[in-house]
Structures are given as C-alpha cells and as structure tokens.
Amino acid sequence: MTAKSRHIRKAAVLGSGVMGSQIACHLANIGVEVLLLDILPRELTDEDRAKGWTETSKAWRNKIVQHHFEAAKKLKPAPLYHPGFADRIRIGNFEDDLPLVAEADWIIEAVIERRDIKLKVYESIEKHRKPGTLVSTNTSGIPINSLLEGRSEDFKRHFIGTHFFNPPRYLKLLEIIPSKETAPEVQEFFMEYGRKFLGKDTVACPDTPAFIANRIGVFSIMHLFHLVQELGLTVEQVDKLTGPVIGRPKSATFRTADVVGLDTLINVAQGLAGHLQGSEEAKVFALPPFLEHMQAQGWLGQKSGQGFYKKVKDSDGGSQIHALDLKTLAYRPSERVKFASLEAAKPIEDLRERMRFLLSAKDEAGNFYRKSTFTLLHYSAGRIPKSAEACYKIDQALKAGFGWQLGPFELWDALGMERVLEGVEKEGLRLPDWVSQMHKEGAKSFYRLKNNKKEYWDIHQKAYAEIPGQEAFLLLENLEENRLVWKNKGCSLYDIGDGVLNLAFHTKMNSIGSEVLQGLQHSIDVAEKEGWNGLVIANEGEQFSAGANLALILMLAIEQEWDELSFAVQAFQKSTMRVRYSDIPVVVAPHGLTLGGGCELCLHADAVVAAAETYIGLVEVGVGLIPGGGGTKEFALRASDEYREGGIRTNVLRERFLTMGQAKVATSAKEAFDLGIFVEGRDQIAWHGDRRIALAKQKVLQLHEAGYTRPIPRKDITVLGQEGLGIVYAGANAMKAGHYISEHDQVISEKLGYVMCGGDLSQAQQVDEQYLLDLEREAFLSLLGTRATLERVQHMLKTGKPLRN
C-alpha cells in the first residue's frame, strides 16, 4: 500500500496513562474512531465489592482505563476540541478486547517505558493484527531497533516510532523514528499524516538516544541546573531569565520541570547519562545534588504537590508560592526578581534584536546568557549529523516540542556567525568541523530566503538547499521584500501570489486601532481598483488579535472626546462592513486569541479558515462594554436567520444573548461553530495552523472563480422589540436580585438586549443593518460614559483580568 492510498479510520491506543488517553483524545478530535485499552486491576478492593462488582464485572475489568479516561476528560486545558468527541472513544482491557485491534488501521503502543513490557505487548498484538496494519510506539527514548525482537517481517516493515509530546493536543511536535526495517512508504505516510491531519510539525529522527528534541532540550535544562550552582542564582532568577523575555514559555525552566514532573526529567537524563557513559557529555546529564535530594524526598513537582515551587497556606487562609532555596534545600517565600538588563530590554519588541542586546549586557544576567547560550549552540551543532542530519530539524523540534520561538540555529543567525564563533571559543569549547567548513565557504548564516522559500546549509552538499515540505504552507516570514505592496505602522499588505493579497497586523497583541482600520480600508481599495482576485486577512504573531485598542478608547473617554470616540467606533463599524460588502472576496484566517474586534472581522468575512487552536469570542462585556464593531448587529442578524429557519424565537435570542453577555470564548475552532461564530458550510478548520494562509488563499480563489459578486446589504432583519426585551430585562433583574451579577452588569445586560431586540419596538418587525449599527454605537458610547466601565477598562489594561464592580 502506498502512502497516499492509506487512510486512518480506526485506531487502537494501548496504554491509557497520561499520554495514551490524550493521544486517543487527539485522534478523536480529527474524527478517528478510537479503541483505548489498558490492563486489568490487580484485585478486587472493598470499595469494588461495595459496588457489587466481581472479577467478571465489565466495570471492574475496565476500571483502570475508565479512571484514566475520565481524568483525561477533566484536564485543563482540555485534550478534546469538543466534549462530545469523547463519544468517538471506546474503552476496554487487554484481556477481553485485544482481538478488536484487528479492526484498526493504526495501533499505537503507549505503555510504561520498559522494553520487556513493550515486547510482551507486541507479541500479543501480533496474534490479532491484520497484515499491513501500522504499529507505532510512543517511547520517548527506548531505541526503536531494540523493539523488533521476535517480530514478523510484516510487523517490522510497518513498525515505527511516533513520539508525541505532552500535552499531545497543544505541543506541535511529532517525532517520526523509523527502524532499520521500516518500509519507506510507512515513514512517508506518517510524515504527511502528522502534518495534514494531526496538525503536527513532523520531524524525521534517526534512532539515537532521546531522538532530537529531548536530547537537546533536556541537555539545555540540565546544563542550566549545573550553571545555577556555578553562578549562585536562585530558582526565581533563572525562571525570570529563561521565560518570555528570550522567547520561551512562561513556565521557563524550573516551573516547566515541575509541570512535566521531575521523575520524567530524571528518567530521560539518567537514560542519556547511561548511554553516554564515560564521555564529557554524560557529566551534564548527571543529577546535581539538589535534584538527587528532591528525588529522594519525593518532591516531583505538581504531581506530588511540591517541586521547585510549592503552594502554602498563610495565616489568613490565603495561599502563597514558596520556592526551593537550592543552597539550604528549604522552602522560602518566592521573591521578586529584577535585572537591569531585563528592564532595559523591555522596549525591544523584536526578539532577535532583544537577544543581541541581552548577550551584550554587562550585568549578572548578561553573563548567564553568554554561558548558557554559547554552550547550547555548541551542543546543538555537535548533534549534526548523528542526532539530526540538518539544522532545520533541530530548530523545528525545539520550537514545536519545547515551545521555543527561536530554534538554536535561528538564534545563532540572529546573533551573527562571528559573534557566536568568538563566544564559543571564550567558553573553551570547540565546534565541529562542518561549522568551520561552512565558515570557510563564506556562508554567513544557516538559513536564507530564495524565491520566497527558506533554504538551509546542507553539510553534505556544502551548499544551501531548500527545506522540504514547504509546498503545503504559505508563510509570510518567507516572503521577500518585493512582495510587500504597502505598509503603515500597524500592518503590512503582501502579494501572496495568484492575484491574492494578504493583510497582516503587527501592533502589540495585534490590537486593532486606527492604523489597522486604515489598512483594512486601503487593502480592499487596492484589491478593487487594481484588479486583484481577493484578500486574506491573517498574520503570524502569537495571537490573531486581542481586539480593539482599549488604551486609545480609555484615553478618549477620560478626556471626554465624545465626537472623536463616536467617529472611532463608526470607523470600526465601517471597516467590518467593508469586509462584508466589497467587490472582492475577503477571507479571514485567525489563530490563537481572536477576541472582540478580531472576532468581529471573522463574523463579517466571506469565509473563515481558522487554525484548530483558535480561541475566539465577543468578550467586550468583560470590560463593561458591548461588541461595538458590528458584533452585536451581526448576532441579531444571525438570530433573525434562525427565526426564519424555524427556531423558537425566544430560545434563539437567549442563546445569542448569553454568548455575548457571558463573554463566552470558544476553546477551539470546533467549539466556535457551536457558539454560532463560525458557520457550517462556509467556514473551515486548518488542523495545522501554519496551513491556514495557504488554505485561505485557495478559498479566495474558489470564490473568485465562482464569479464573486458584492453581497446586497440586509434590510430584512427581524428584531423582537418588547417581546424580547421583556425576557432580557426579567432575566437581568432576577440575576441581580439573586446577587449573581452587579448593578452595572445589569445595566450592560439591558443595553446589550436593547440592541439585540432592535430597541423598544411595540412588536417584532424588520430593520436594516445600519439601524442596528446605530443602536450598537449609541449603547457602546453610553457605557463608556459610566465610571464603572472606565474602571473595568483601566483594570483590564493594568492586570489583563476582568474586574467585577
């Protein structure tokens, strides 16, 4: 069977622990039927007998797998895109249900990390598996070739390593590790299936200890553990230095270790130390004294209640975070950390520029960065070609598996070749010969752009080569300067080929202010007047958009510039309506946070192509406002369409009202369909977020080729007037009387309901969009005139959290 002719309709996951259950959930996310199996309980307990269970009871026999699966469903963040997807997973046990693997197209082994147990599982699988069925292991470090013992030729040809990272839904890395017997088409299939369907960055790895990501990622952590002792730094200082400021996750180093579990980290480190016994490298993976002490005490992180940090109750009944003192090995209250260089680096938004600044700093932080960074880059270079045949694979693995914004070689390019060579030498380290050869050849960087494709330095060809697999993606960062059509301070307009334009935001949090609104209007003007086929609105920041520029709104409100505020709100409404009513198709491709105004852009697009991990909602009520960029109008319009389709009017109104009134945010693109934000048949999901711009471009071209015509503004929107207002006002009054909402919440609810119902009309009637937009704008401005709303906006800007007053 070829890679392209193979399909995964049913899968079996053997082992329902933390990884097994979540892998099963992620397969269910994409529509696969999953069989999840685990072992039988050892013996009946008194509690089991009290339930009336015997050793033949199905509930008892599935007790372990049921417990693990229920725990997975309760995890936050959730492993499922939608709670209903749990129905796609059937549970069972190895004794009774293993024959069912004969129905599976893919069998995934995710049992305990012991080779002997895995071999027994494979022996059992072979008795039931049909020839040609794919079998993979989720091992994080056991050599793949060592797992072939005793297996048939067909089993060997279809066996491979598929190493997911925890949590499988959210971390994008999937390491694909073939054995010496794996058929090439099996590796080819998983590389493509992981990208296209599972939404993963698939990286092919040789069968070397800990593969790629853990080999280098755990090295980086263990080196920091030793460096901390050398430099006398605290847990909090290192986490401050190794978090978002250098493009790493908020959990940084020690908090990440607590979350992952110190036992997991120790197992990987000890496994590597054993494989590398006698080498200099092995010394880095040796456990420092503080880690040995924590292991002995059972301080394993969140799973044990304490690790490098622990939460303790204070005398007032509140809780405090304490940190471990690495010298005394006693806990003490966590301390705030400040470094002069970090304060100076705050205004530097560009990460590459910030890293150059930090490594030049003369303080304690700068010294730490130089020692840790040059050692990491030296080690990464030394892993080529044994652990990875090319630099791009290492960068992909660390970015997708550990959440780094810059991979080691991308960071190297940012710092500059000469600077790194000098820094590594000062640390007393020697780089591998291939780096010296590359330098002699005159190459100044590991990557370059050519014809809008990214190329890497190939150490075998001693020349640049195109990174494979780019054809499925359209990345704005890979576009050359001649593709820039227009820009201002807040956004850029690019030619992405085939007559399609792309507007990308680059404000802080991609918030929508005057520059972005100007960009929206100008982009559509250019597309219409110059004969472009259409427009995509998408960017590659961490978030699509956090919504309107609240700081600007607050400033105008405090200064009571009501005419200017009215003009600003009207400009926002006109921009979203221009997205809806233009002569060219407009497709929005959101990802990550897509809140408030970002959501309103999606509501008005001709179509949406959303990354699976899109967290979208109309959240303005959380800051004391209502959606004012056409969002409230659009929900009233969609409610009207549902009335026409036979929906019970009061029920439809209530659902639409509560989605905005409770500031609901979809936790996935799939959930956004349930909230009525995305529309079935119009909008689609890109399982791999980096494919959404390419898919959005395809959608634009489809609409254009179908003969796109400007839509006709709606004048047939049914609003309920007093019929609906009675329900809204009664509900808000009851919630206030029951102390569920504040007096100001009641005011907001009534304003929102007033717009949704078309005002105080004596009976249901039809209105046009502009009528509702005017009501929406009036309600928005009236709320901005209240002290309570201004306090909420100020609090949100200061803390990032809503205030209830």
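1. Strands β12 and β13 run antiparallel and are joined by four bridges. The model is a predicted one.

2. These strands belong to an open sheet of three, ordered β12-β13-β14, with antiparallel pairing. β12 (447-450) and β14 (463-466) are the edge strands, each pairing on one side only. On average, neighbouring strands of this sheet are turned by 40° against each other, direction ignored. Strands of a sheet pair through backbone hydrogen bonds, either parallel or antiparallel.

3. Helix α21 spans residues 433-440, and Trp434, Val435 and Met438 are buried in it. They lie on the same side of α21, because they cover an arc of only 105° around the axis. An α-helix has 3.6 residues a turn, so residues three or four places apart point the same way. Asp433 and Lys440, on the other side of α21, are exposed.

4. What covers the buried residues of α21? The cover includes strand β13 (453-458) and the helices α17 (364-382), α19 (408-415) and α20 (417-426). Just after α21 comes Gly442, with a positive phi of about 90°.

5. A separate point concerns Phe635, which lies in helix α26 (residues 631-644). Phe635 counts as buried because its relative accessibility is 0%, the cut-off being under 20%. Leaving aside neighbours within four places in sequence, the contacts of Phe635 include Leu603, Leu618, Arg656, Met660, Ile677 and Met756.

6. Phe635 and Leu773 are 138 residues apart in sequence, while their C-alpha atoms are 12 Å apart in space.

Conventions:
Residues numbered from 1 in each chain as written. Predicted model: local features only at pLDDT ≥ 70, side-chain atom pairs only at ≥ 80, totals over all residues. Heavy atoms only, no water. Buried < 20%, exposed > 50% of the residue type's maximum accessible area, 1.4 Å probe, protein only. Helix = DSSP H or I, 4+ residues; strand = E, 2+ residues; numbered from the N terminus. Arc of directions from axis to C-beta. Contact = heavy atoms within 4.5 Å. Pairing = 2+ DSSP bridges. Axes fitted to C-alpha atoms, helices over the stretch in contact; angles between N-to-C directions.
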